Amino acid sequence: MSLPYLNRELSWLDFNARVLEEALDTRVPLLERLKFLAIFSTNLDEFYMVRVAGLRRKVTSGAPQYPPDPLSPPEQLEAIRTRVHELLQRRHHALHALLLPVLEEKGIKLVPMSSLDETERDRIHAYFESQVFPVLTPLAVDPGHPFPYISNLSLSLAVDIGDPDSGKEHFARVKVPRSLPRWVPIDREGEHVYVPLEEVIGEHLGTLFPGMEVKRWFTFRVTRYSDLDLGQIDQPEDLLETIEQQVFQRRFGEVVRLEVQRDMPQSMRQLLLEELSESETQLVAPLSARDVHDRDDLLELGDLLQIAGLEVPELRDAPYTPVVPAPFRDGRNIFEAIRERDVLVHHPYESFSSSVEAFLEAASSDPQVLAIKLTLYRTSGDTAIVRALTEAAEAGKQVAVIIELQARFDEQNNITFARTMENYGIHVAYGLPGLKTHAKTVLVVRRDADGIRRYVHVSTGNYNSKTARLYTDIGLFTCNPQIGADSSDLFNSLTGVSRQKFYRRLIMAPANLRKRTLELIERESAHAKAGRGGRIIAKMNALVDPEIIVALYRASQAGVEIDLIVRGICCLLPGLRGVSDRIRVVSIIGRFLEHSRIAFFSNGGNPEYYIGSADWMPRNFDRRVEAMAPIDDVAWHGRLQRVLEMCLADNRQAWELGADGTYHRRSPNGAEERATQATLMRDPWGGFETKASAKSSTKRKRSEASDVAPPKQAPHR
């Protein structure tokens, strides 16, 4: 029998369908529902730019089916087309039948130009003349004007123009400028009324083509291949410059999708398809009518985030303020708190600024701190973290930053940060092609009263103050000497030249994360076979890796009870008789994006917990630098267990994956509603109280004393 394995791309579309369902859920505040519809749309854009574009290239190159995936690339593309068209029809219904009518009742309206009164039209005309007209560039298509370059995801007007003198017809394109707000406000007392910018431009096309007859216009939008293509580059001399060139070149990637206004005539669609195909380099087969999306009157629905952000409290989620983690309250010295015991923080329920940012700010200003090193995968704006690093460098501290230039769609951002930090004297190093630095860790070296000590932060999430308010993540602060030594080895390998293979307590990819994860799963199988029970709970963003899936199937067959909390893609099929009877899979979708990675192994009564940056995907095990840290302080075990159990018991935000590969939303069905995120907003650890015994505290101190001079290769335990 072939390995039961769900197709990755279709599983991702199922995830995005769950996001869309939040837009349909009447229990969600109205503007938050609009936000989820916008997120669904931007998610789908990225899916086409990367995943569908990659599949189209595979089809062109004749790439075969990749076991254990049951579908070949052409079959995947066909299945994607069918599923996406279903989802777009559902999105259209959600927006036009469910959301916009109810928003209108609440005084939030999207209206066409034809609905405006004379005074409003005069105001819009003045706005067009002063703000819009100067930035527009009409581009005709004729023998003297070739078909223009259409930038990725840009909204355009396709205009049919008649020449009253010659009787000839012309096609022209007018780009809707991104530099202006998509939704133009109309001043109506007590209401939020907007006209789409394309409507404003369409109403004034005569000023762009004076003396010509504007017969009709329709909107369209193209999606281009937008992944970086470093696979053919062998050790470039300057990685930053190479990636900068790649970011520029991907502007010209082949078109993989054409979106058109629903009522665009067939003749205009065909003209766009032909012109786009002729103007592109043929790395893939030309677009066909099957690559056209025509399910909506409004395009570029990600822009609805602007309206979803309106300050109308009764239509939004209630504001939430994270709490300061208990160990860091009352102005306590953060290094003293970490020396006393390991500290776990749970974002966004516990404050990122009062923990991670405070840690780096303290390191920056503390005269006893000698060095600061950290990895940056995605960051945001002029953050406190970047300021702390530059201030530390200016104060003469050694500061080293590993900045990942290949963080998808954040490349230009990270290039800018890299150059800024270099200008402040920070030592900046980059990852290598084919091996992204995805680990999230900070190392602070400090001269304490009793000697040099290393303080480490290992996290499941990025050092990004914006996403820290939206993503659920776990972070560990520790001064455990073994983890400190491992962190030093990690940063030395990233900034220098190393073939580091062995670590004391951290589990690293690509060095040993795959091997160790398989060992932990197989150990549970051995416990189950020996009658000591077997239990695995793992929370992650995606489960794709075939070798790990096979190991989980075998563990289930050996008697191990397995619960998986997988937000997005899951290629494993649970509940199959004789294969995965003891495996259950749930997905949590809600106000916050579930991003934390937690793994629990019961280990025959000696439980082990891990947190880290890696999902269970081939790229995380084999093509990324990842870090998974053990949670050694048993006082934190109960809190992590509580979080996992809450996710598994959730009957409000949870979706359950069935043996047939479909997801079903859980419902309270008259029972008490159990919503994970709502509970954690009341208490970051779900009301669990830790009771650290003196015995466990003493045990840790003894362990630290024995770890001062750790062996080069510690046994796995």
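User: In what order do the three strands of the open sheet with mixed pairing stand?

Analyst: In this predicted model, the edge strands of that sheet are β1 (108–110) and β5 (183–186), each of which pairs on one side only. The twist from one strand to the next averages 30°. With mixed pairing, the three strands of this open sheet follow the order β1-β6-β5.

User: What is the order of the strands in the open sheet of six?

Analyst: The edge strands of this sheet, each pairing on one side only, are β2 (138–141) and β9 (292–293). Strand β3 (residues 155–162) and strand β4 (residues 169–175) run antiparallel, joined by seven bridges, and Leu-157 has Val-174 in β4 as its bridge partner. The pairing in the six-stranded sheet is mixed, and the order is β2-β4-β3-β7-β8-β9.

User: At about what angle does α2 run to β8?

Analyst: Helix α2 covers residues 30–61. This helix lies across β7 (213–224), β8 (255–260) and β9, and its angle to β8 is about 135°.

User: How many residues are in the second, separate core?

Analyst: In the largest core, Leu-552 is among the residues with the most contacts, and, leaving aside its neighbours within four places in sequence, Leu-552 touches residues including Ile-521, Leu-543, Leu-572 and Trp-616. The second core is separate and includes Val-458, Ile-483, Leu-640 and Trp-685, and its number of residues is 42.

User: Why does Cys-571 count as buried, and how far away is the nearest cysteine sulfur?

Analyst: Cys-571 counts as buried because its relative accessible area is 0%, where buried means under 20%. The structure holds zero disulfides, and Cys-571 is accordingly in no disulfide. The nearest cysteine sulfur belongs to Cys-570, at a distance of 6.9 Å.

User: Is Cys-647 buried or exposed?

Analyst: A residue is called buried under 20% relative accessible area and exposed over 50%. Because the relative accessible area of Cys-647 is 1%, this residue is buried.

Notes: Residues are numbered from 1 along each chain as its sequence is written. This is a predicted model: local features need pLDDT of at least 70, side-chain atom pairs count only at pLDDT 80 or more; totals for chains, interfaces and linings use all residues. Side-chain values use heavy atoms; hydrogens and water are left out. Two strands pair if DSSP finds at least two bridges between them. Helices (H or I, at least four residues) and strands (E, at least two) are DSSP runs, numbered from the N terminus. Axes are lines fitted to C-alpha atoms, for helices over the stretch in contact, and angles run from 0 to 180 degrees between N-to-C directions. A nonpolar core is a set of buried Ala, Val, Leu, Ile, Met, Phe, Trp, Tyr and Cys residues joined through side-chain atoms within 4.5 Å. Buried means under 20% relative accessible area, exposed over 50%, partly exposed in between (1.4 Å probe, protein chains only). Contact means heavy atoms within 4.5 Å. A disulfide is a pair of cysteine sulfur atoms within 2.5 Å.
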